[in-house]
Amino acid sequence: MADITHPPMEQLQDLEYCIDSNPPWAETILLAFQNYIMMLGTSVMIPSALVPAMGGSDGDKARVIQTLLFVAGINTLLQALFGTRLPAVVGGSFAYVVPIAYIVNDSSLQRISDPQERFIQTMRAIQGAMIVASSIQIILGYSQVWGLFSRFFSPLGMAPVIGLVGLGLFERGFPALGNCVEIGLPMLLLVIGFSQYLKHVRPFRDLPIFERFPVLICIAIVWIYSLILTASGAYREKSNRTQMSCRTDRENLISTAPWFKFPYPLQWGPPTFSAGHSFAMMSAVLVSMVESTGAYKAASRLAIATPPPAYVLSRGIGWQGIGILLDGLYGTGTGSTVSVENVGLLGLTRVGSRRVVQISAGFMIFFSTLGKFGAVFASIPFPIYAALYCILFGLVASVGLSFLQFTNMNSMRNLIITGLSLFLGISVPQFFNEYWGNRHGLVHTNAGWFNAFLNTIFSSPATVGLIVAVFLDNTIEVEKAKKDRGMPWWVKFRTFRGDNRNEEFYTLPFNLNRFFPPT
């Protein structure tokens, strides 16, 4: 039995760089650029889906993508400097799609006949709703309420939540890859081959380039391959769906993007405010808060840091609320959350350095102002990203499940809670999403904001998983199962002073802890 025992380990051992250690500068810059390329998939996909529905043109779409990237760079920098200080990229979120669709389909906006005017008025309505809804995260974060609520978390409760942060995104994996198999499948196989089978091959001195830069290398190879297919006319007679998925010249991003454009607050005009729109948007803000909490826990493990204490978690959520406020002021078309794919990239490259993410934020800001250059990278076909998501989302899910090592998985109580949380976390959102095709969702009352609120909450796997896992874990034999839940290990990470390493990982820069001491 001793030969097959693997004792629980607080920190992962086979990562090269932790949160406070940095690779050489040349390697750091390449890793930062790789992080920038990785987050482009979601940053392009969300505006590509929403802007046409709002009545916007291809030029509007390119401008929204630029704005989203610009604000993502600012939010990532703020989060890495003053928020949780974890190496987490903050980008656009799909959690906001349902409330935004509710605003887009508002009868008062649909009556506007001119598409350009309808786009502007819809964008202003989305901005107003985000500005108001951002107050939820700002208040819950800076008041420490979210930190107090996190006292109900345990390794058993958080394992399925973090797992669902990754597993819940399965529709953006192989189903999206399957839209262009001839591009997506080679990409998937190449990334696995380079990052896992060739990781010890070092053609340049001591640098394991296939382990450090599998995304850059594989995207370059498959992107050139897809350019050849597009130029040779391979998709000329194909369906519109295939062309949109496979062609490198889709979306007209390069031709419509300006050479230089500096996004600025209120660039679409003054926001408009509606109580119904704001209430609907609050649901997405709550969902993004739950999903980000799970992503922060995963990022801390992949950066060889301690789980963020309640105070640090609240600080991060507060700054994320500021980020959503910036989304509303600039008009990004969607709100912010932690990029799950970039969290997975920490594990794939075995680099959890904070500096890498800070420099990647600089790339986001720089390329968002140089429209044509940014649009070239944004023209990468989405099935290439879908192949990467298959690996990275799965990696984040497995990091979540690794928290179960601190619990007693020979306990029937724990098995039931874990299994039920995972199953309902996937099954309930799938049930709600089946009804989303009719544009109304499963909840369909006369109050549109109420419909959007509930449809958003129960369409999020991580949120459903949190509700089920935390409720069951805190109501079934709580005192009796304290050790089985993993609380003896977890409790020391609740407070900033509970573990000496917290100060090393989460202390604010510029000696700011003197003015903002941990509570």
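**Rings, cysteines and a helix up close**

A: Let's start with Trp-449, which counts as partly exposed at 35% relative accessibility. Bear in mind that this is a predicted model. Trp-449 has a ring partner in Phe-279: the two form a tilted aromatic pair, 5.4 Å centre to centre with 40° between the planes. Phe-279 is partly exposed as well, with a relative accessible area of 41%. Phe-279 sits in helix H14 (residues 275-302) and Trp-449 in helix H21 (residues 448-457), so this pair ties together parts that are 170 residues apart in sequence.

Now for a pair within a single helix. Tyr-385 and Tyr-389 have ring centres 6.5 Å apart and planes at 35°, so this pair is tilted. Both tyrosines belong to helix H19 (residues 382-401), where they are 4 residues apart, about one turn of the helix. An α-helix has 3.6 residues a turn, so residues three or four places apart point the same way. Tyr-385 and Tyr-389 are both buried. The structure holds 29 aromatic pairs, and there is also an aromatic cluster formed by Phe-33, Tyr-36, Phe-363, Phe-366 and Phe-367.

On to the cysteines. The count comes to 1 disulfide, and it is formed by Cys-180 and Cys-246, with their sulfur atoms 2.1 Å apart. The link is right-handed, with 130° about the S-S bond. Cys-180 lies in the loop between helix H8 (174-177) and helix H9 (181-197), while Cys-246 is in helix H12 (residues 240-246), so the bond ties together parts that are 66 residues apart in sequence. Both ends are buried: Cys-180 has a relative accessible area of 1%, and Cys-246 has 0%.

What about Cys-218? Its sulfur is 14 Å from the closest cysteine sulfur, in Cys-390, and that is too far for a bond. Cys-390 is in no disulfide. Cys-218 is buried, with a relative accessible area of 0%, whereas Cys-390 is partly exposed at 29%.

Cys-218 also brings us to helix H11, where it is one of the buried residues. Just after H11, Gly-233 takes a positive phi of about 80°.

Last stop: Arg-413, in helix H20 (residues 412-434). Is this arginine buried or exposed? Arg-413 is buried, with a relative accessible area of 9%. As for what its side chain meets, one of its polar atoms lies 2.9 Å from the backbone oxygen of Asp-473. The backbone oxygen of Ile-476 is 2.7 Å from a polar atom of the Arg-413 side chain. Setting aside neighbours within four places in sequence, Arg-413 is in contact with Leu-156, Leu-472, Asp-473, Ile-476, Glu-477, Ala-481 and Arg-485.

Terms used: Residues numbered from 1 in each chain as written. Predicted model: local features only at pLDDT ≥ 70, side-chain atom pairs only at ≥ 80, totals over all residues. Heavy atoms only, no water. Buried < 20%, exposed > 50% of the residue type's maximum accessible area, 1.4 Å probe, protein only. Helix = DSSP H or I, 4+ residues; strand = E, 2+ residues; numbered from the N terminus. Polar contact = N/O pair within 3.5 Å; in protein donor to acceptor, adjacent residues only side chain to side chain. Contact = heavy atoms within 4.5 Å. Disulfide = S-S within 2.5 Å. Phe/Tyr/Trp six-rings, centres within 6.5 Å; stacked < 30°, edge-to-face > 60°.
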